[in-house]
Amino acid sequence: MVKVDLPSSDNPKKQIEGCVEIIEELNNECSKNNEIVLDLSELKWILSCSALLLSSKMVELKNKGYKISIIHPKDINVASYLDKLGFPLGGGKSKSTFMPIHHFFRKEVENSKGIIESEMEEVFKVIQQNFPKGLINGIFYLLAEMVDNIDQHSKFTQGSVMVQFYNKKGHIDIGILDNGITIPGAYEKNKIEFENDCDALYKALEGISTKVGETLRGKGLGTSKKLVNEGLKGDFYILSRNGLFWAEHGVKSGSKLLKTPLNGTLVCMRFEVPQKELNIYPYIE
C-alpha cells in the first residue's frame, strides 16, 4: 500500500515534488506485489497537475498487468473533485469548463502525429465552446506548442493532458505529460553538453537545439513561458527527469534538482483570466 500525503498547498511545485516521491514508492511497491493499493483516504487537497501525474502512473501500471485498487479520500470535496477529473484512470467525460484527464498512446513503430491530433480535437472543441473568448487563441497556441514538442521530440508511448477553467477562482490550469526520453535525455542523445538536468531545462528555454535547423523544445518552451508569465501574468512549471524549473509571475524564477527522476516531461501552466482580450503576438514573435 502506498499512502498519498501531499502538502495542502495551492503551489504546484510543492505538490509536484510530493508526487515524484509517491511515484518512486509505487515503483518500489511494484517490485514486491502484483496488486497496487493507492491510499488517498487522508488526502486534504490535490491540484490538477498532481492528479495528472498520479493518474498517468496508475494507467502505466495497469497496462503492465498490475491490479490497481484505490482507497478514496474521506474528504467529500476532494473525492468529488478527483471523480470529476476522471481519476484514477482518466477518460472522464468532458464538461463545459474542463477537459478531464485524458491519456493517449502510441506503439514505438507508430507515427504520433495522427494520435495527438485526434486527442487534441476534443480538447480544442471544449475550449472553443466554453472558455473565455479572449483567451482561446492563447490557449490554443500553448497547447499546440506543447503537443508539437511531444510529437517531434519525446518518442513517447504514453501521453496525458488536462485543461480546467476554475470559473469561481478565475484561473485556468493546463497540464501536459509524456513518458518520452526527457529534455536532458534528448540532449545526451544528441551529444549536447549540459551541467545537470536543470541546466538542460534552461538551455531548452533559451532555444538550444539538438540539430542544426531544428529546435528541441526551445522555441515552444521559451515562447510559451513568456506568454504565460508576461502576457497572462501566470505561472509556468517544467519537470523533466531530475530537473524541476518554475517561473511564477512576480517571483524570481528558479530550479531544483530532485533526488528521484520522473521518467518523462511534465509542463504545467496556471494563469488568471485577463480583463480584456489577449493579443498573443507580442509574446511569441
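Five aromatic pairs were counted in the predicted model, a pair being two rings of Phe, Tyr or Trp (its six-membered ring) with centres within 6.5 Å. Planes under 30 degrees apart count as stacked, over 60 as edge-to-face and the rest as tilted. The rings of Phe124 and Phe140 have centres 4.6 Å apart and planes at 50°, so this pair is tilted. The pair links distant parts of the chain, with Phe124 in helix α4 (residues 112–130) and Phe140 in helix α5 (residues 136–154), 16 residues apart. Phe124 is partly exposed, at 24% relative accessibility; buried means under 20% relative accessible area, exposed over 50%, and partly exposed in between (1.4 Å probe, protein chains only). Tyr187 and Phe194 also form a tilted pair, at 6.0 Å centre to centre and 45° between the planes. Both Tyr187 and Phe194 are buried.

Buried residues make up 56% of the 285 residues in the protein chain. Of the contacts (heavy atoms within 4.5 Å) with a separation of 6 or more, 68% join residues 24 or more positions apart. The C-alpha trace spans about 50 × 45 × 40 Å along its principal axes.

Residues are numbered from 1 along each chain as its sequence is written. In this predicted model local features need pLDDT of at least 70, side-chain atom pairs count only at pLDDT 80 or more, and totals for chains, interfaces and linings use all residues, while side-chain values use heavy atoms, with hydrogens and water left out.

Methods
Helix = DSSP H or I, 4+ residues; strand = E, 2+ residues; numbered from the N terminus.
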